[in-house]
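Subject: Structure for you to look at

Hello,

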Amino acid sequence: MTRRLTEKRLILATHNAGKVREVAALLAPWGLEVTGVGDLGLPEPEETESSFLGNARIKALAAATATGQVALADDSGFSVAALDGMPGVWTADWAKQPDGTRDYARAMAEVARKAGEADPEGKDHGAWFSCALVLAWPDGHTEGFLGEAHGTWIWPGRGEAGHGYDPIFVPAGETLSFAEMDPARKNAISHRARAFALLAGACLPPLG
């Protein structure tokens, strides 16, 4: 049976400040306090799975075990149809630098270059973001949910808001990239919002 979240504090298993802000905004109506593992000085576990849900489960369980509190992990990625779904679960790896930092500007340029080589006539600009959300309790119980946002990739990127690959993605039915959108608009239609809607329906109490 699906387990409900009754705690008022949640550990978010990410060092990405942008994700912390987005998830905190999504959870605000429930009065949940969100703390990222980066603020607690916890390391990032090695992600060894080949799926978003698998890697999110690794991160959520590591955070729950380390803190003794319920943890939420997000594993998300950007996929391009012309690249057979790459970078996908390796999205963050494409941005990783030798010193361990991440350069998303370089990663986005690499996506555009490789997609152009794979599809020189530019016939397929299909792309999508995926987001897996996994809640983990200290006793090892987990609940997982997957959401996707489909659209097209663009080059060059546009916009200064958002994070990661947001500047090169325009969701279906929209004219603005994720990085050009007001955060509230993006949060309403994003892959993370869709995964979160599934999580909220299953694990959070009804609002109102």
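To begin with the second largest pocket: α1 supplies the largest share of its lining, 4 residues. A pocket here is an open set of points on a 1 Å grid over the protein atoms alone, where a 1.4 Å probe fits, with protein on both sides within 12 Å along at least five of seven lines; lining residues have an atom within 4 Å of a point. Helices (H or I, at least four residues) and strands (E, at least two) are DSSP runs, numbered from the N terminus.

Some background before the rest. This is a predicted model, in which local features need pLDDT of at least 70 and side-chain atom pairs count only at pLDDT 80 or more, while totals for chains, interfaces and linings use all residues. Residues are numbered from 1 along each chain as its sequence is written, and side-chain values use heavy atoms, with hydrogens and water left out.

Pockets

The second largest pocket holds about 160 Å³ of space; a volume is the space filled by probe spheres set on the grid points, which are joined across faces, edges and corners. Its lining includes Gly18, Arg21, Glu22 and Ala25, as well as Pro183, Lys186 and Asn187. The elements that give two or more residues to this lining are α1 (17–27) and α5 (183–189). By class, the lining of the second largest pocket has 5 nonpolar, 4 polar and 3 charged residues. Here Ala, Val, Leu, Ile, Met, Phe, Trp, Tyr, Cys and Pro count as nonpolar, Asp, Glu, Lys and Arg as charged, and the others, Gly among them, as polar.

The largest pocket has about 790 Å³ of space. Of the 37 residues that line it, Lys19, Glu47, Lys59, Ala92 and Arg102 lie nearest its centre. Two or more lining residues come from each of α2 (52–67), β3 (71–80), α3 (91–95) and α6 (191–203), and α2 gives the most, with 5 residues. The lining of the largest pocket divides into 15 nonpolar, 10 polar and 12 charged residues.

Salt bridges

There are 13 salt bridges in the structure, each a side-chain nitrogen of Lys or Arg within 4 Å of a carboxyl oxygen of Asp or Glu. Side chains of opposite charge can pair when their charged atoms come close.

One of them joins Asp139 to Arg3, with the closest N and O atoms 3.1 Å apart. This pair links distant parts of the chain, 136 residues apart: Asp139 is in the loop between β4 (126–136) and β5 (142–153), and Arg3 is in the segment before β1 (9–12). Asp139 is exposed, at 56% relative accessible area, and Arg3 is partly exposed, at 27%. (Buried means under 20% relative accessible area, exposed over 50%, partly exposed in between, with a 1.4 Å probe and protein chains only.)

Another salt bridge is between Arg9 and Glu33, at 3.9 Å from N to O. Arg9 is in strand β1 and Glu33 in strand β2 (residues 33–36), 24 residues apart.

Within helix α4 (residues 104–118), Arg113 and Glu110 lie 3 residues apart, about one turn of the helix, and form a salt bridge at 2.8 Å. Glu110, Arg113, Lys114 and Glu117 are linked in a network of salt bridges.

Cysteines

Cys131 is buried, with a relative accessible area of 0%, and Cys203 is buried at 0%.

Regards
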